[in-house]
Amino acid sequence: MTIFDKIIAGEIPSYKVYEDDDILAFLDISQVTPGHTLVVPKQPVTDIFSYDDDLAQKVLLKLPKIARAIKASNNKISGINIQSNNGPSAGQTVLYSHWHLIPRYDNDGLNDKLAPTIDNSAEFSAERYQTIANAIASQF
């Protein structure tokens, strides 16, 4: 059982921003930038290679909706990276399919690479996580 299985089951708390029958979206605990959100299918699959057409439609068609909510939650967000690592050789550390939606801010100090490996969790209190999650969730 992965950490995402436990989050979906409610065994581990998370800062949810969106949930329906097929997916759960919640703040990444590392917060590369404020609003960094993970989207996971509720149907357990290891990676993109395990998706059938039905699951792909249920998950991937919701990414724009969640991205728009993230952008609308903070007028300083000027762009977004959407990333999914598939397989250990591609940097996948949790073997459960997940999508990173990483808001970008003008002059955010990140380079233009799609896969920043930054952990800013020390800068986020429970209250700050919840405030960000509420701002995103209110856009739905």
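This is a predicted model: local features need pLDDT of at least 70, side-chain atom pairs count only at pLDDT 80 or more; totals for chains, interfaces and linings use all residues.

Me: Which residues in H4 are buried?
Reply: Tyr129, Ile132, Ala133 and Ile136. Buried means under 20% relative accessible area, exposed over 50%, partly exposed in between (1.4 Å probe, protein chains only).

Me: Where do they fall, seen down the axis?
Reply: Within an arc of 100°, so the buried residues line one face of H4. The arc is taken from the directions from the helix axis to the C-beta atoms.

Me: And what does the face turned away carry?
Reply: Exposed residues, Glu127 and Thr131.

Me: Core next. How many residues are in the largest nonpolar one?
Reply: It has 26 residues, and Leu27, Val39, Ile66 and Leu101 have the most contacts inside it. A nonpolar core here is a set of buried Ala, Val, Leu, Ile, Met, Phe, Trp, Tyr and Cys residues joined through side-chain atoms within 4.5 Å.

Me: Which element gives the largest share?
Reply: H3, with five residues. A second, separate core of seven residues includes Ile7, Phe26, Leu38 and Tyr96.

Me: Switching to charges. How many salt bridges?
Reply: Seven. The criterion is a side-chain nitrogen of Lys or Arg within 4 Å of a carboxyl oxygen of Asp or Glu.

Me: What does Lys62 pair with?
Reply: Asp20, with the closest N and O atoms 3.0 Å apart. Lys62 lies in the loop between H2 and H3 and Asp20 in the loop between S1 and S2, so the pair ties together parts 42 residues apart in sequence.

Me: Is Lys62 buried or exposed?
Reply: Buried, with a relative accessible area of 17%. Asp20 is buried too, with a value of 17%.

Me: What about Lys58?
Reply: Its side chain meets Asp22 in a salt bridge (3.9 Å, N to O). Lys58 lies in helix H2 and Asp22 in the loop between S1 and S2, so this pair links parts 36 residues apart in sequence. Salt bridges that share partners join Asp20, Asp22, Asp54, Lys58 and Lys62 into one network.

Note on methods. Residues are numbered from 1 along each chain as its sequence is written. Side-chain values use heavy atoms; hydrogens and water are left out. Helices (H or I, at least four residues) and strands (E, at least two) are DSSP runs, numbered from the N terminus.
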